[in-house]
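Okay, thanks everyone, I'll keep this short. Have the structure up on your screens and follow along as I go.

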Amino acid sequence: MAPLLEIDGLSVDFAGSQRPIHALRDIRFSIERGRIVGLVGESGSGKSTLSLAVLRLLAPSARIVAGTIRFDGIDLFALPEEAMRALRGERISMVFQDPMSTLNPVLTIGTQMVDVQFRHADLARAEKRARAIALLKRVGIPDPVQRIDQYPHQFSGGMRQRISIAMALLSQPDLLIADEPTTALDVTLEAQILDLLRDLRRDFAGAILLISHQLGVVAEICDEVVVFYAGELVELAPVKELFANPRHPYTKALLDCDPGRLADETRTFPTIPGRLPDLGEARTRCVFAARCPHAFERCRAEVPVVTEVAPGHRASCHLLGG
Amino acid sequence: MSAPAFEGTAPAPARAPALRHLLADPLGRFGSALVLVILLTAVFADVIAPYNPAAIAIPDRLQGPSLPHLFGTDQLGRDVFSRVVLGARIALEVALVAISLALVLGGALGLAAGYGPRWLDSVLVLVFDTIRSFPTIMFALALVTLIGPSLQTVIVIVVVTFAPSYGRIVRAQTQSLKHAEFILAERSLGAGAARILAVHVMPNIIGPLFILASMDIPVVITIEAGLSFLGFGVRPPTPSWGTVLNDGYAFIGNTPWIILAGGLPLVLSTLGFTFLGEALRDAIDPRLRKEI
């Protein structure tokens with residue numbers, strides 16, 4: 001069976017003042033049904049661009065230069081806008097980073113959750129409301145019957161994120177994209193939201209693409225991890241394999257910087273020296289070459305090819321003999 | 001001792017805090033009272049007016065204020081009080097109809113400009129600014145010359161001059177909301193442009209827009225009176241505050257009460273609606289709300 005989401009050779013440019021900025025270059029990976037795939041990378045590595053590309057909601061300044069995205073066998077870029085809109089919220093849903101701004105401040109959450117079921121003309125308003133209440137209960141909102149008529153500002157951040165998740169799940173989507181759903185929350189709330197996502201996977205048959213820059217989050221609930229660096233996919237592996245045996249120098253460096261894995265006596269946080277490459281540059285070498293401790297001649301002269309180092313474990317590095 | 005008082009006041013804030021704030025403000029109370037009086041006068045004008053405002057009685061012309069004629073009579077012996085009372089109806093009719101139409105038209109164009117493609121925005125803003133660059137009176141004179149003076153002409157003039165202002169405000173608000181995260185979230189759940197504008201953008205901008213409109217009502221009343229005074233508005237014998245002023249103007253030397261009778265309601269309605277609008281704005285905007 002074909003994977004649920006298949007991204008093949010995706011490249012996205014943003015219009016820059018002088019030259020285009022390459023936000024994503026030649027991204028290739030897929031998500032199977034029922035899996036949680038983590039997407040890790042620094043700010044600006046193209047994580048959110050990828051999620052918006054899947055929904056075809058990129059800003060007008062973005063341009064898809066190459067590649068295809070297939071969702072359940074459907075070529076998303078070939079789809080007319082109307083058909084694409086029918087997929088959004090129905091089969092692909094998204095939860096955004098900041099729960100403080102993803103709900104309309106002037107409408108009660110009940111109004112918003114009923115309105116979002118606009119496709120179900122067959123359901124009466126009361127039934128839509130009942131579904132909304134059931135889902136609020138499912139995501140752990142206490143007293144959903146009373147609270148459904150409250151406004152977003154009457155809920156805490158964690159509750160609002162649960163409401164956003166409930167809204168995204170109203171139509172039982174096949175794919176849920178969660179773009180840093182816990183970044184704006186504190187640690188206890190984060191744990192609750194992650195538990196919720198894990199539970200949800202059991203109930204619904206779909207897949208989750210979890211975008212994060214926190215390795216701890218990914219380690220906890222994902223099956224597979226995709227690592228982005230400067231708009232390129234540098235490594236992809238099952239979660240245990242990636243944490244036990246990272247093959248790309250960037251992934252190794254990233255793991256070494258994870259506060260959760262540091263020894264207690266460390267007094268300073270380790271960092272990766274150097275900075276992100278200029279995304280406007282043409283692609284002539286390894287993106288990580290400038291910061292890589294193992295870089296050699298070839299890294300600065302040639303783009304590495306993706307090498308399969310173990311079943312389901314790919315990395316793009318010259319050191320792997322590619 | 002205080003327990004019963006608490007029981008009595010506790011539910012009130014939950015119901016209508018805006019109304020409570022409005023009535024707590026002395027200017028708000030004064031404005032609401034004036035507006036209420038004007039509204040009631042306009043609604044019950046037929047009952048209140050003691051005479052037919054168009055009934056001519058030459059022998060009784062230019063009488064001073066008396067019990068049968070509270071504001072005296074004009075040069076044709078018509079009862080000025082009756083004319084002022086019925087004038088309130090014309091004034092409010094023009095103001096409410098014209099502002100509602102301007103809100104609908106300007107709002108729709110503003111939404112289209114703010115949410116639609118860039119070229120549409122450019123075209124609409126050009127149209128808005130072109131209209132706004134004309135002085136209202138010049139535009140009014142041109143239109144009156146073209147289609148003749150009437151109540152409808154006044155309404156058209158007001159709609160055309162006010163719609164661009166509302167359009168610009170709605171456009172600016174829509175543009176800032178367009179990039180709000182919750183709009184992107186709605187789009188990611190499959191909402192189309194019409195749904196986003198009607199369900200999510202409109203409720204966010206309607207409040208301030210209504211306050212603005214309520215503060216424009218006296219401006220429109222003044223425009224109607226001004227045009228009628230110049231003879232470009234409602235035609236005699238229809239009573240309007242402007243035509244009353246015009247009738248009195250010729251006799252200002254010996255019978256000043258006609259001018260006063262036509263001018264006072266203008267002043268009071270302007271004050272009333274302005275105070276009400278300002279108090280409403282303070283009451284609805286929590287940032288301006290004074291703690292009480």
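So, let's start with the sheet in chain A. This is a predicted model, by the way. What you're looking at is an open sheet of four strands, in the order E2-E1-E4-E5, with antiparallel pairing. Which strands stand at the edges? That would be E2 and E5, and E5 is just residues 74-75. Each of those two has a single partner strand, so one side of each is left without a neighbour in the sheet. As a quick reminder, strands of a sheet pair through backbone hydrogen bonds, either parallel or antiparallel.

Now let's walk through the pairs. E1 of chain A covers residues 5-14, E2 of chain A covers residues 21-31, and the two pair in the antiparallel sense over seven bridges. To get from E1(A) to E2(A), the chain goes through a hairpin of six residues.

Okay, on to helices, still in chain A. Two packed helices are described by the angle between their axes and the distance between the axes. For H6 (residues 157-169) and H7 (residues 187-203) of chain A, the angle is about 20 degrees and the axes are 10 Å apart. Angles under 35 degrees count as roughly parallel, and H6(A) and H7(A) are therefore roughly parallel to each other. The crossing of H6(A) and H7(A) is right-handed.

So who's touching whom? On the H6(A) side you've got Gly157(A), Gly158(A), Gln161(A), Arg162(A), Ile165(A) and Leu169(A), and they meet Leu189(A), Gln192(A), Ile193(A), Leu196(A) and Leu200(A) in H7(A). Sorted by class, the contact of H6(A) with H7(A) comes to six nonpolar, four polar and one charged residues.

Last stop, chain B. How many helices and strands does chain B have? The C-alpha trace of chain B spans about 75 × 70 × 25 Å along its principal axes. Chain B has 292 residues, and 42% of them count as buried. And if you take the contacts in chain B between residues at least 6 apart in sequence, 69% join residues at least 24 apart.

Conventions: Residues numbered from 1 in each chain as written. Chains lettered and ligands numbered in written order. Predicted model: local features only at pLDDT ≥ 70, side-chain atom pairs only at ≥ 80, totals over all residues. Pairing = 2+ DSSP bridges. Buried ≥ 20, exposed ≤ 12 C-beta atoms within 10 Å, placed from the backbone. Contact = placed C-beta atoms within 7 Å. Axes fitted to C-alpha atoms, helices over the stretch in contact; angles between N-to-C directions. Parallel < 35°, antiparallel > 145°, perpendicular 65-115°, else oblique. Left-handed = near helix turned anticlockwise from the far one by under 90°. Nonpolar A, V, L, I, M, F, W, Y, C, P; charged D, E, K, R; others polar.
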